[in-house]
Amino acid sequence: MISVICPTFNSASNIRKCLDSILIQTVLPDEVIVSDDGSYDNTIQILEKYKNSFLKKGIRYQIIQNEHRGPGFARNIGIMNSRKDWVSFIDSDDIWQKEKLEFVINEIKINNKINTLLHLEKFIKLDGSVVNLDYTKYYNNKAPLTEQLYKTNFFSTSAITVKKKLIQKHNCFDVNLPNAQDYDLWLKAAPEMKLKIIPEFLGKYVEVRSSITRRLYYKKIKSFLIIWYRYKGYSS
């Protein structure tokens with residue numbers, strides 16, 4: 001039912017915890033696709049060592065090596081190569097609780113109207129402190145999702161499971177945006193999203209030093225200005 005897609009880039013220091021959190025799921029995914037964004041450390045060697053661990057559990061495991069074009073491109077390649085109807089994303093720095101996919105699959109089974117699922121996360125800061133990210137406080141299921149999401153991006157990519165046809169219909173991630181490609185995709189698809197938020201903390205969003213020191217703020221600002229202009233019609 002579910003394809004897990006994980007983009008990597010020089011992820012050698014974090015990828016083991018990420019993959020281990022997938023392997024210990026109480027309900028396992030059908031396939032895991034790791035789409036590497038041109039790593040030049042030993043990420044690929046680590047990924048190769050996990051092949052037997054996934055195969056022994058009956059999980060199709062694929063490593064795709066791409067040129068360095070950003071996480072959106074890597075995710076798109078993963079989506080193109082996926083075989084299942086649903087896609088769960090996880091970033092290489094992040095960790096799932098072992099019941100994550102069990103909760104997700106149970107929701108899919110009991111509610112055939114939904115096409116997007118989101119769960120709560122714990123934000124693990126560099127200093128080890130923990131912040132609870134409760135996305136339910138941003139969402140009113142009786143109001144349009146478009147306006148709410150335009151006001152606040154409360155979709156975390158590692159907490160999202162989505163029907164593959166929905167994101168393919170909207171051309172997946174826009175690789176021409178230097179940043180916030182995920183936010184752009186959620187806004188594109190928002191008019192057709194049937195969202196269910198699982199009120200459980202099923203993942204850990206882990207802050208890493210590289211995400212701070214390597215961030216180019218002018219590119220981020222440019223991307224958000226483009227996005228705000230593209231979807232200004234969502235604002236009341």
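Is Asn 115 buried or exposed? Asn 115 is buried, with a relative accessible area of 12% (buried means under 20% relative accessible area, exposed over 50% and partly exposed in between, using a 1.4 Å probe and protein chains only). Before we dig in, keep in mind that this is a predicted model, where local features need pLDDT of at least 70 and side-chain atom pairs count only at pLDDT 80 or more, while totals for chains, interfaces and linings use all residues. Residues are numbered from 1 along each chain as its sequence is written, and side-chain values use heavy atoms, with hydrogens and water left out.

**The whole chain**

- The chain's secondary structure comes to 10 helices and 9 strands (helices are DSSP runs of H or I with at least four residues, strands are runs of E with at least two, and both are numbered from the N terminus).
- With 236 residues, a compact globule would have a radius of gyration near 18 Å, and the chain agrees with its 17 Å (this radius is taken over C-alpha atoms, and the globule rule is 2.2 Å times the number of residues to the power 0.38).
- The C-alpha trace spans about 50 × 45 × 35 Å along its principal axes.
- Of the 236 residues, 51% count as buried.
- Take the contacts (heavy atoms within 4.5 Å) with a separation of 6 or more: residues 24 or more positions apart account for 80% of them.

**Back to Asn 115**

- You'll find Asn 115 in the loop between helix H5 (100–110) and strand S6 (116–124).
- Its side chain reaches the backbone nitrogen of Lys 194 at 2.7 Å.
- Leaving aside neighbours within four places in sequence, Asn 115 is in contact with several residues, including Trp 86, Thr 161, Leu 166 and Met 193.

**Helix H8, wrapped up**

- Helix H8 (residues 181–189) has 9 of its 9 residues buried, so it is largely enclosed by the rest of the structure.
- Among those buried residues are Asp 182, Tyr 183, Trp 186 and Lys 188.
- They pack against helix H4 (71–81), strand S4 (86–89), helix H6 (145–151), strand S8 (160–163), helix H7 (164–169) and helix H10 (217–230).

**The nonpolar cores**

- In soluble globular proteins, nonpolar side chains tend to be buried together.
- A nonpolar core is a set of buried Ala, Val, Leu, Ile, Met, Phe, Trp, Tyr and Cys residues joined through side-chain atoms within 4.5 Å.
- The largest one here has 36 residues, and Phe 89, Leu 118, Leu 149, Phe 154, Phe 155 and Trp 186 touch the most other members.
- H8 supplies the largest share of this core, 5 residues.
- Apart from it lies another core, of 30 residues, among them Phe 54, Val 104, Ile 105 and Ile 198.

- Strand S2 (residues 31–36) is mostly covered, with 6 of its 6 residues buried.
- That goes for both faces: Glu 31, Ile 33 and Ser 35 are buried on one side, and Val 32, Val 34 and Asp 36 on the other.
- S2 pairs with strand S1 (residues 2–8) in the parallel sense over 6 bridges (two strands pair if DSSP finds at least two bridges between them).
- Val 4 has Val 32 in S2 as its bridge partner.
- Another 6 bridges join S2 to strand S3 (residues 60–65), and these two run parallel.
- There, Ile 33 has Gln 62 in S3 as its bridge partner.
- S1, helix H1 (residues 15–23) and S2 make a right-handed β-α-β unit (with the strands pointing away from the viewer, the path from the first strand over the helix to the second runs clockwise).

How values were computed
Polar contact = N/O pair within 3.5 Å; in protein donor to acceptor, adjacent residues only side chain to side chain.
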